[in-house]
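My plan is to list the links, then check where each partner sits.

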Amino acid sequence: MKGLRRLGGRSLLLTVGGLLALGGIAYATIPDVAGVIHGCYSTSGALRVIDTGLGQICSGTEKALNWNQTGPTGPTGATGATGATGAQGPTGANGATGANGATGAQGATGAMGAPGPAGATGPTGASGVIGSTTVVVGTAVTAGGNAPVGTLTGISTATCPAGTKLLSGGAEITQSSAAKGAVFFSRPVTITPNPTTWEAQGIVFVQGMGNVQVTAYAICGSS
């Protein structure tokens, strides 16, 4: 480039004219595929462009002078300042309905329902050989005054005396005019092969003033 600055005004005009003429002749290969323009500079100050693609070279009295048609890429500029926040856009349309969620965890166990109606009376069993029978009345136990629905009474028991056998048993519910109860269970105590005790328990199904109590009965027989 320093050599170009030393050219006179007349030489520069001739050179430009020569470049245009040569460029028109060899347009397809000047600059070359790498974007380089090849020239030859003589000591007399003349500059000519050559086409290296056609095998042209500088003479022995010339110096090769090459330059790019496009300069090198400059450094990346500094990042600009952040612009001001834009105004809020309009509200978008409602999205599509999402898929159904996973099944939730199982809920807590609900409150105990009211006792069902009494079942039908079973068939009469075969007659046994019984010499005598005795009815033993157990101690009455309560659920407490004004007890909530679902409250259980204590367990009332009735035990046959020694020398007798437990034949059957039952339970009786005693209640006030406001508080109502029912038999929760009435059964023999089967902790031994030949049970001798009957037990019963009651449950409150209507809350009110007063007590609900249960009394167990054991029917004992002897031969």
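I count a disulfide when a pair of cysteine sulfur atoms lies within 2.5 Å. The model is predicted.

**Entry: the link of Cys160**

I looked up Cys160 and found a disulfide that joins Cys160 to Cys220, at 1.8 Å from S to S. Where do Cys160 and Cys220 lie? Cys160 is in the loop between strand 6 (152-159) and strand 7 (165-175). Cys220 is in strand 10 (residues 212-222). The pair therefore ties together parts that are 60 residues apart in sequence.

I then read the torsion about the S-S bond of Cys160 and Cys220. It is about -90°, so this disulfide is left-handed.

Buried or exposed, I asked of Cys160? Cys160 is buried, with a relative accessible area of 8%. Cys220 is buried too, at 1%.

**Entry: the link of Cys40**

Next I looked up Cys40. Cys40 and Cys58 form a disulfide, with their sulfur atoms 1.9 Å apart. I placed Cys40 in strand 1 (residues 36-42) and Cys58 in the loop between strand 2 (47-50) and strand 3 (62-68), so this pair ties together parts 18 residues apart in sequence.

The link of Cys40 and Cys58 is left-handed, with -95° about the S-S bond. Cys40 has a relative accessible area of 0%, so I noted Cys40 as buried.

**Entry: the tally**

How many disulfides does the structure hold? I noted two. With the bonded cysteines of the chain numbered in sequence order, I wrote the pairing down as 1-2, 3-4.

Terms used. Residues numbered from 1 in each chain as written. Predicted model: local features only at pLDDT ≥ 70, side-chain atom pairs only at ≥ 80, totals over all residues. Heavy atoms only, no water. Helix = DSSP H or I, 4+ residues; strand = E, 2+ residues; numbered from the N terminus. Buried < 20%, exposed > 50% of the residue type's maximum accessible area, 1.4 Å probe, protein only.
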